[in-house]
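Hi everyone, thanks for coming. I'd like to walk you through a few spots in a structure, so please have a look at the screen.

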Amino acid sequence: MDTVIEFFLKYRPAAFGSGSIGFAPLVPAWFLLLLGITATAAVAYLYVTGVGQLSARRRGVLLGLRVAGLSVLVFCLFRPVLIIAESVKQRNIVAIVVDDSRSMRVPDVAGQSRSTALQSLIGGPDSALIKALADRYQTRIYRTSGAGRVEAPGSLGFDGTRTRLLAAVERVEDELAGSPLAGVVVLSDGADNANSVETTVGTDEQLLTLRSRGIPVYTVGIGSTRYERDVEVTRVDVPNRVLQNSTVLVDVVIVQRGFGGARLPIVVEDSGRIVGTETVTMPRNGEATQVRIRIPATEPGARLLRVHVPQQDGEMIAENNERRVLLEVRDRREKVLYFEGEPRFELKFLRRAIEGDANVQLVTLLRSAREKFLRLGVDDSLELAAGFPATREELFSYRALVLGSIEASFFTADQLRMMADFVSERGGGFVALGGRSAFAEGGYLGTPLADVLPVELGLGVSEDTTSAVEVKVEPTALGSLHPALQIAGTDSTLRARWASLPPLTMVNSLLRAKPGATVLLNGRIGDGAFVRPLLTIQRYGRGRVMAFGTQDSWQWQMHHDVAVDDSTHETLWRQILRWAVSDVPDRVEPLIAEESGTGEALQLRAQVSDAAYLRANGASVSGTVVAPGGVATEVTFDWAVDRDGEYTATYVPVGAGVHEVTIRAIAGTDTTISAPTWVRIAEPTEEFFGSELRTSLLGQLAEETGGRMYALNNATDVARDIVYSPSGATVVHKNDLWDMPLLFLLLAAALGTEWTLRRRWGLV
């Protein structure tokens, strides 16, 4: 297209984009205007009086063609010029930024690797792009990974583990600041996968910075925009941490090209041992497939899971067939406080369900009479001796709170506020159960807990608001995916199991889920379409909240339709409480990326709180990092002054593998040690994911800076367009446009058409 435009307009599109159109007539402009008007009037008079035998329509056509020809001639007499700044020969530098990452090894350029195609452009003095630029510019070559100038482009190893494309362009422009830099040429596949730890500003900010410098960037895309055959494990999602003996849902997203309709196995391994597998039929090319695999978490510690699809014949890349993720399996006993306002079967069977779980300690406080309480599962005689906790320190020592049928008036205003803070500030789990003294029926409307709950409360529509309504339980689409509701081993048996469970009853009026909340179970009333949210969850501040609107989930254990050996009720409640205590923060909470590259500085962060979970400033914080070989390194944390209770440190790991991090905080005489957390140090593999040519960033980079983007086969056109760069040492030229072939063709077309029509109509 550029060649066509240059043929008709004499200059390339880049020249018109950078320059401006002006006029430089040899005689005064008023004279030319007068001449044009006179000629037009004469022609008009001729056609009006001299060809009277023609119809008015035909006279108008001939007049229009003649006037068009005269207009072209007058336009040429005005002497149009293209005013443009052009680079001065051998006075400017062109910087070439080369993507030397591992994705450039992909063999998708006419059977050759991207690096081979790139070397043909800049590999030596006789290479295509260098040769095209040599007549007018001095060239300097840089690479995207590492730092420094490349003296011998032919020796590039293309072994960079990350592409920091925008950062590399910024670095080159900074290095050449003060030099006559005509422009920057980027040869890349369009990836920019610098991680968030290394990147202090986002893409938009970097582009804005480059644009403000006024140096055009010309980008050349190398690679194929679509592979013929490839399988990619795009994403793997697992919880950050779970309790031992939990069932873990591994969500895998796969994208493939060329394998539509094929059945591909997906394998999950833990330390070389297969713990889960699923075979899936691939959809049409390019469509994502989401697969859910259930695996057991039986061994404590850091479990490094490898999720992969075996390499298939004809695949373009093998490295993107797998991902590795860390799963922290905790073997510790989590304390949950369950407060019930009256003796009822729900309490009895809930406790029975949790009895066999070694990782959940259910501490129960039952109001047996006025000012009298029964305590079960306490650690000592002093725990909960005065009834429900009255201080933040006492309540916040638990990881989760289950609130049964107890009226709001039992609590003081401070206790209600404290329970809301338990969720939002402490980050604890909160489960609210249905009952005649729960939710709105218990007087919680207008209290701080009403804000915490994920459902909107409303009074019953009947006069008897405590009457029970029978509901058939139906999981929602999201409920079938939630880890707390996995009461069967496969998706098909899960659906069948939920469908077979007997109905439950509700006495509470739960109107609808709040915005941002998720309904996991609906309760359908009778055979009609009216449903109530039965089990709803949401995030509130730092914590999790669940509203379970039934009063008799124990029916799933004791109903006559449920087999004696059925463990649905037991499994459900174990998973609900495990969900409630998962991801609950400790007083010293490490905030560390799960993965970092070898040789890259690892940013360590920690949040430190006191016993009331108020952010603690001024503490003495240190940490121990244990490498896979057992070598321990001590690091000292500094207080991040702009963020309460946050402390940071930098650590450069030695060697690859899973590193264990433990953090200690000392505030006065109070010493707190975090639970161990782990980070995987490995060579980054991001280069092989989404590695098809990405033109979006390359195009945006060129557009924002005033440059252009080119296909690989047009890469040498950069040398012709960069001539018109406004940057560097330039000289302004006025280039004539009156002799453009387009003007000659327009003049010939107008006069030739007029003569042809005159001949046809018998005037010549």
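I'll talk about a helix pair, then a sheet, then one aspartate. Please keep in mind that this is a predicted model.

Let's begin with the helices. Two packed helices are described by the angle between their axes and by how far apart those axes are. Here, helix H9, residues 345-354, packs against helix H15, residues 568-581, at an angle of about 80°, and the axes are 8 Å apart. Angles of 65 to 115 degrees count as roughly perpendicular, so that is how H9 and H15 sit relative to each other. Who makes the contact? On the H9 side you'll find Glu346, Phe349, Leu350, Ala353 and Ile354, and H15 brings His569, Glu570, Trp573, Arg574 and Leu577. Sorted by class, that contact of H9 with H15 has six nonpolar residues, one polar and three charged.

Now the sheet. Three strands form an open sheet in the order S1-S2-S38, with antiparallel pairing. Strand S1, 20-23, and strand S38, 730-736, are the edges, each pairing on one side only. On average, neighbouring strands here are turned by 35° against each other, ignoring direction. Between S2, residues 80-87, and S38 there are seven bridges, and glutamate 86 has valine 731 in S38 as its bridge partner.

Last stop: aspartate 100, in the loop between strand S3 (92-98) and helix H5 (114-122). Is aspartate 100 buried or exposed? Its relative accessibility is 1%, so aspartate 100 counts as buried. Its side chain makes a polar contact of 2.7 Å with the side chain of serine 145. Beyond its neighbours within four places in sequence, aspartate 100 also has contacts including Arg143, Leu156 and Phe158.

Note on methods: Residues numbered from 1 in each chain as written. Predicted model: local features only at pLDDT ≥ 70, side-chain atom pairs only at ≥ 80, totals over all residues. Heavy atoms only, no water. Axes fitted to C-alpha atoms, helices over the stretch in contact; angles between N-to-C directions. Helix = DSSP H or I, 4+ residues; strand = E, 2+ residues; numbered from the N terminus. Parallel < 35°, antiparallel > 145°, perpendicular 65-115°, else oblique. Contact = heavy atoms within 4.5 Å. Nonpolar A, V, L, I, M, F, W, Y, C, P; charged D, E, K, R; others polar. Pairing = 2+ DSSP bridges. Buried < 20%, exposed > 50% of the residue type's maximum accessible area, 1.4 Å probe, protein only. Polar contact = N/O pair within 3.5 Å; in protein donor to acceptor, adjacent residues only side chain to side chain.
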